Every structure is written in C-alpha cells, then in structure tokens.
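Dear colleague,

Please find below the sequence and structure that I am handing over to you. My findings follow directly after them.

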Amino acid sequence: MATRLYTHPIFLEHITPPGHPERPDRLRAIERVLDDEAFSTLERVKAPEGDEATILYAHPEDFVERVRAAIPQSGIVSIDADTSASPKSWQAVVTAIGGANAAVDDVFEGRAANVFVAARPPGHHAEKTTAMGFCLFNTAAIAARYAQKKHQAERVAIVDWDVHHGNGTQDIFWDDPSVLYCSTHQMPLYPGTGAKTETGAGNIVNAPLAPQTGTDLFRDAFLSRVLPSIDAFAPDLIIISAGFDAHHRDPLAEINLTEDDFDWATGQLMERAGRHSGNRLVSLLEGGYDLQGLAFSVAAHVGRLMKG
C-alpha cells in the first residue's frame, strides 16, 4: 500500500491578515516540494468535505455554532488576537476535518499504509470551547474520537511535535485515559501550558524543551519520555500533530531542529505503529512558518512515510 496525501484547494481560501504567519503560501510551498520526482508514487487525493456532526466529538454544539456564526460574508474577522476567519474558513476547516477522518478510514480499512493531511487552518490549540492560536476546531482530537466511534479503536495516541504546546488537545483529553497525548514543545512559549507536571489522568506526557534546544535533547525527549509512553500504552492508532516550527529557520520559536530530526522522529513513530497499531499512522499538518524550513521538513517527513 502507498502513502496517501490529502489536500484541497479550499485550504488556500482560508485568508488571514497581511503579514500573518499562518498563510496560504505555506501549502503552496508544500505543494511545490512534493511535486519533485521523488514523490511520484505518492497517492494524492482531494480531501472530502467532512461530516459536520463529527465536530461534536470534541466540541460542544453551542461552541460550534458560535464559530459558524463568526464566519463573515466578506473580509476578515478576528476570533481572538491572532486567530481570524474569512468567508471560506468554515468550508476549509470542515474539509480539514473530512481529510483527517478519511485518513483514519484509510488506515483502518487498508487503503493506505499511512496518510499525511496537508490542510489549514491547524487545530491543536483549539480547546473544547475556545478557538485560539490560529485554530478553530481541533482536527486531531476529532480524528481520534472518530477512530474510536467508527472503528472501535480502544486506545489512540496523539504525538505532537509542534514547537508550541497543544493546549487544546490536552484540554479535550485531560481526563480520558483512552487517549494518550505526548508533546515536545518549547517552554516558555505560547500558549504557556505543557509543564511536565500536567499529567491529566496519567495520559498526558509533556516533554518541554528549553530555548535553543537542538537535535540531541529533542531526540532524548523522544527516547526517554514519548516512546516509552507509547510502548506502555500500545495504541490502536497513532496520530501525529505534525508541526514543523521547531525547525531552526522558523521565526516563531527558538528550537534548532533540522529536517533530519523530523525524518528520525517519523521513523520512530512508524516503528511503534508497526509494533502496536497494525502500522496505522495518520499525520496532520499543524504549524511551520518559514516556507523553506516547512517545505524541507515536510519532504523529509513524507519521504520517510513512503519508505514504509
């Protein structure tokens, strides 16, 4: 089975204010790098629009309706200080959810070995009742719940290597031992959560990294905290919140990873998916704001997924 890529032109139509780091050019940079001949066997599929009812797997209905009502007829509106919406944002976020859920279907039903979903807006900062940090709904959390509800997955692990802590995912699964949430992230940094002492129901594993951390300490965090937690949990599915803003070129943080680190981390999680999850692994794009760093990192990540 091949690696599958989900994306959609609608993701370019989620418009953010001029100068905003979470911009459509991020996906254009990914599209260009994946046009290389090295990715000729990558199976490319247009992400389907999602079932809006699945948003309720992670968010209450009144919050969903508040987000829907905030979508403007024209122009750009601010949801919070750094989160915005434009007329096509609802369709974009629902299609991002549709792509993630379709990816879950693919790995459980044997249509793909693994899947990368190149979508925007990102999702991991969206809490149960709060849109924030460029995020409207929490795509990874919805996909995890979808796997449990549709495919009877008993245990889902979400591994978040975005340089910003996924406070939203932690909030949604704080007291739910059926979902393991592991995060490497810079601390201190937005959103201010993610201390080692934040453990939920024993299912939250945070591995904060000091500014200027590089390869060695990042890999040590994976080897000493993330991977042993996955082995102990033995998930039926691994979801990656794949932010690439820990790359040394990224302007929003001070972690000094290279694309080789994302290749290595991808391989480590693929090994665990093979050991515990029937190779079922779904990767969802989160952050990454330097276009070159993002493109090179995604190329390394997808290239490693394709090696099987």
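This is a predicted model: local features need pLDDT of at least 70, side-chain atom pairs count only at pLDDT 80 or more; totals for chains, interfaces and linings use all residues.

Helices and strands are DSSP runs numbered from the N terminus, a helix having at least four residues and a strand at least two.

Overall architecture

The protein contains eight helices and 10 strands. The C-alpha trace spans about 50 × 45 × 40 Å along the principal axes. Of the 308 residues, 59% are buried. Among contacts between residues at least 6 apart in sequence, 75% join residues at least 24 apart.

Annotated domain

The unreviewed UniProt entry places the feature "domain: Histone deacetylase" at residues 20–303. Over residues 20–303, the chain is 39% helix and 16% strand.

The largest pocket

The largest pocket has a volume of about 280 Å³. Its lining comprises 14 residues, of which Leu-5, Thr-7, His-8, Leu-27 and Glu-31 are the closest to the pocket centre. Three elements, namely strand S1 (3–7), helix H1 (25–34) and strand S2 (43–46), each supply at least two residues of this lining. Helix H1 gives the most, with four residues. By class, the lining of the largest pocket consists of eight nonpolar, two polar and four charged residues.

Which enclosed spaces does the model contain? There are two cavities of 30 Å³ or more.

The largest cavity holds about 60 Å³ of space. Its lining is formed by Ala-96, Val-117, Ala-119, Pro-121, Pro-122, Gly-123, Thr-139, Leu-284, Leu-285 and Glu-286. Seven of these lining residues are nonpolar, two are polar and one is charged.

The second largest cavity holds about 30 Å³. Among the residues that line it are Trp-161, Asp-162, Val-163, Leu-209, Phe-218, Ala-246, Ile-255 and Leu-257. Thr-184, His-185 and Gln-186 also belong to this lining. Strand S7 (residues 179–186) gives the most to the lining of the second largest cavity, with three residues. The lining of the second largest cavity divides into seven nonpolar, three polar and one charged residues.

With kind regards

Definitions and conventions: Residues are numbered from 1 along each chain as its sequence is written. Side-chain values use heavy atoms; hydrogens and water are left out. UniProt positions are given in the numbering used here, feature names are shortened, and annotations may be inferred rather than shown by experiment. On a 1 Å grid over the protein atoms alone, a cavity is a set of points where a 1.4 Å probe fits but cannot get out, and a pocket is an open set with protein on both sides within 12 Å along at least five of seven lines; lining residues have an atom within 4 Å of a point. Grid points are joined across faces, edges and corners, and a volume is the space filled by probe spheres set on the points. Ala, Val, Leu, Ile, Met, Phe, Trp, Tyr, Cys and Pro count as nonpolar, Asp, Glu, Lys and Arg as charged, and the others, Gly among them, as polar. Buried means under 20% relative accessible area, exposed over 50%, partly exposed in between (1.4 Å probe, protein chains only). Contact means heavy atoms within 4.5 Å.
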